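Open the model in your viewer and keep the selection tool at hand. The stops below say what to select next and what is there.

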Amino acid sequence: MLEFPRWKYFVILLVLALSVVYALPNVFQSDYAVQVTANRGAVLDEALKTRVGGYLAEAGVQPKSVAVENESLLVRLADADAQTLAADTLRGNLGENYTVALNLASNVPPWLDRLGARPMVLGLDLQGGVHFVLQVDQKAALEKRVDAYVEDVRVTLRDNRIRYTAVDRRPDHSIAINLASDADPAAARAQLAKVMPAMTVEGEGNRLVVRIPETELTSIAGSAIEQNIATLRNRVNELGVAEPIIQRQGDDRIVVQLPGVQDTAAAKRMIGATATLEYRAVIEGNAADAVASGRVPPEAKVFYRRDGRPELLSKRVIVTGDQMVAATTTVDQNGQPAVSVTLNNVGGDRMFDFTSANVGKPMAVVYTERIPQMTEVNGEEVRSFRVKEEVISVANIQGVFGKQFQTTGLEKTEAEDLAKLLRAGSLAAPMDFVEERIVGPSLGKENVERGVTAVLYAFLFTLVFFAVYYRMFGVITGMALLFNLLIVVAVMSIFGATMTLPGFAGLVLSIGLSVDANVLINERIREELRAGVPPKTAIVSGYDKAGGTILDANLTAIIAGIALYAFGTGPLKGFAVTLVIGVLASMFTAITVSRAIVTLVYARRKKLKSLAI
């Protein structure tokens with residue numbers, strides 16, 4: 001009568017073994033660390049390790065270890081204070097060839113790592129992650145938009161065959177136009193008013209001024225923040241960060257919190273990067289002679305290749321990263337890294353028109369990057385940017401192409417990072433990191449301790465109550481609850497789910513729901529015993545009759561959890577994920593695991609007259 005299939009015992013043992021293995025990494029605490037990542041051309045070698053060790057010794061920092069791990073140089077430290085001092089020291093000494101970022105270094109043994117077992121990701125309110133505050137350069141956003149208007153004015157005049165001698169941007173963000181002596185000012189006014197109806201065109205004769213309304217300037221500055229927030233969300237999605245917080249702070253700052261991030265250097269590069277591509281026509285002439293003599297053609301600008309050779313390129317950009325809608329890393333016909341680019345309709349049309357008219361002529365690809373730098377003026381830190389522009393390739397146009405083509409000349413890491421940036425979109429305005437820290441050394445640790453204490457006391461109170469009230473069956477219920485906790489931690493670790501402070505609440509609630517299931521089973525067995533049913537039959541009937549009720553009750557909780565996850569944000573999602581996983585685990589442990597244990601305890605007793613329930 002009281003039987004349990006052997007294959008189910010095998011399944012339970014397998015689940016138990018897997019749960020132990022994948023929950024085990026959470027026992028190993030992470031080290032405070034500083035992560036050094038090489039930029040283009042720089043290398044991570046023994047010489048760098050020696051340099052880093054020397055810089056730390058001069059600063060009085062004693063690291064636990066300095067070693068290359070996962071393509072980064074990781075300096076492990078004893079506490080948060082040493083971590084901060086080490087990061088400041090290395091940033092000042094290593095320069096722009098290396099990215100220095102705060103990190104938490106895992107101590108999980110290699111054999112667990114090879115099995116894919118990693119610690120559960122804790123939210124920013126528990127273990128931490130990275131907290132960035134970024135300052136948005138709204139002035140640069142205005143200049144960028146006004147430059148676009150300047151180009152629109154030039155294109156409008158050219159397309160309508162209205163000759164001009166100069167179109168320049170003024171410091172007050174107005175656009176000054178000097179028409180040629182034989183140009184028609186009335187026609188110029190009419191065409192500009194048609195293309196840019198929100199602008200006002202002033203002036204007399206051949207001197208015109210296009211003024212941008214103050215409301216438009218204000219809107220540009222405000223929309224730059226919103227576009228940057230949208231772009232940051234896309235970039236964080238490329239990093240695969242769980243439950244990020246990206247929000248506006250004041251008029252010109254953005255707060256970014258990335259819980260559970262391991263590679264903070266990669267996050268910092270991806271979030272703050274302003275790298276993009278520009279495609280420009282090559283101007284005929286000897287670039288070296290033009291640079292030496294200072295006689296650069298008026299339509300040209302001097303750019304330099306990575307080996308230092310100059311190139312004369314057109315001031316007019318054919319297409320930029322703003323017009324790219326898709327980008328993937330690939331390899332060219334020579335097996336070298338490349339980025340496969342897809343343009344939007346406007347960019348595709350411009351590229352098609354240019355290549356159609358210039359087959360056989362050279363076109364250059366310019367890699368543009370805005371690098372933040374800090375200088376000290378009168379004892380105060382002054383933040384600024386240095387624009388780095390490099391010609392990565394110059395090639396003759398072999399045929400006509402439009403929306404889709406490949407860009408070569410990049411290194412492997414560069415190609416991967418650039419593809420992610422182009423997919424995520426470009427920033428409307430450059431940003432500077434004004435604050436960077438790992439959250440959690442004090443508040444997070446306290447939250448973890450309180451959360452663990454809450455779960456522990458919830459479990460212990462439940463165990464004591466059940467042991468007193470249901471006796472042997474209460475002990476079995478406690479074993480099932482412990483298995484339930486183990487499964488939840490293992491599943492969340494496997495899938496990289498984020499445990500937050502509300503997640504602890506979901507975990508405690510799932511224990512309560514698991515208790516409900518066991519109460520239903522135990523009370524059903526009691527009812528059968530009161531009705532005079534033999535003990536073994538009462539056990540079987542209790543589990544069978546309670547199963548449907550447990551399924552209905554837990555299904556309702558799962559639906560509620562799914563709704564919370566679908567429509568909630570931030571902490572609500574963490575609560576919902578933990579709740580759903582806990583409910584599913586509690587169904588398995590309450591119905592299957594506890595029944596297996598009960599069968600082991602009572603099945604072989606031939607003359608069973610009563611149950612300890």
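**Before selecting anything**

This is a predicted model, in which local features need pLDDT of at least 70 and side-chain atom pairs count only at pLDDT 80 or more, while totals for chains, interfaces and linings use all residues. Residues are numbered from 1 along each chain as its sequence is written, and side-chain values use heavy atoms, with hydrogens and water left out.

**The whole protein**

Show the cartoon: the protein has 16 helices and 22 strands. Helices (H or I, at least four residues) and strands (E, at least two) are DSSP runs, numbered from the N terminus. Of the 613 residues, 45% are buried; buried means under 20% relative accessible area, exposed over 50%, and partly exposed in between, with a 1.4 Å probe and protein chains only. Contact means heavy atoms within 4.5 Å. Among the contacts with a separation of 6 or more, 73% join residues 24 or more positions apart.

Now colour by pLDDT, the predictor's confidence in each residue, from 0 to 100. The average for the protein is 79, and 88% of the residues score at least 70. Among the elements, H1 has the highest mean pLDDT (90), and helix H11 (residues 412-424) the lowest (67).

**H1 and H13**

Select residues 6-23 for helix H1 and 472-494 for helix H13: their axes come within 8 Å and cross at roughly 60 degrees. Axes are lines fitted to C-alpha atoms, for helices over the stretch in contact, and angles run from 0 to 180 degrees between N-to-C directions. H1 and H13 are therefore oblique to each other; angles under 35 degrees count as roughly parallel, over 145 as roughly antiparallel, 65 to 115 as roughly perpendicular and the rest as oblique.

Show side chains where the two helices meet. H1 contributes residues including Ile 12, Leu 16 and Val 20, and H13 residues including Phe 483, Leu 486 and Ala 490. This contact has twelve nonpolar, two polar and no charged residues. Here Ala, Val, Leu, Ile, Met, Phe, Trp, Tyr, Cys and Pro count as nonpolar, Asp, Glu, Lys and Arg as charged, and the others, Gly among them, as polar.

**H14 and H15**

Next, select residues 501-530 (helix H14) and 535-567 (helix H15), which pack at about 145 degrees with their axes 7 Å apart. Which classes of residue make up the contact of H14 with H15? There are 13 nonpolar, four polar and three charged residues.

**Two single residues**

Select Leu 94, in helix H3 (residues 80-94). Leu 94 is buried, with a relative accessible area of 6%. Not counting residues up to four places away in sequence, Leu 94 touches Val 36, Leu 48, Arg 51, Val 52, Tyr 55 and Val 100.

Finish at Gln 138, in helix H5 (residues 138-159). Gln 138 counts as partly exposed, at 21% relative accessibility.
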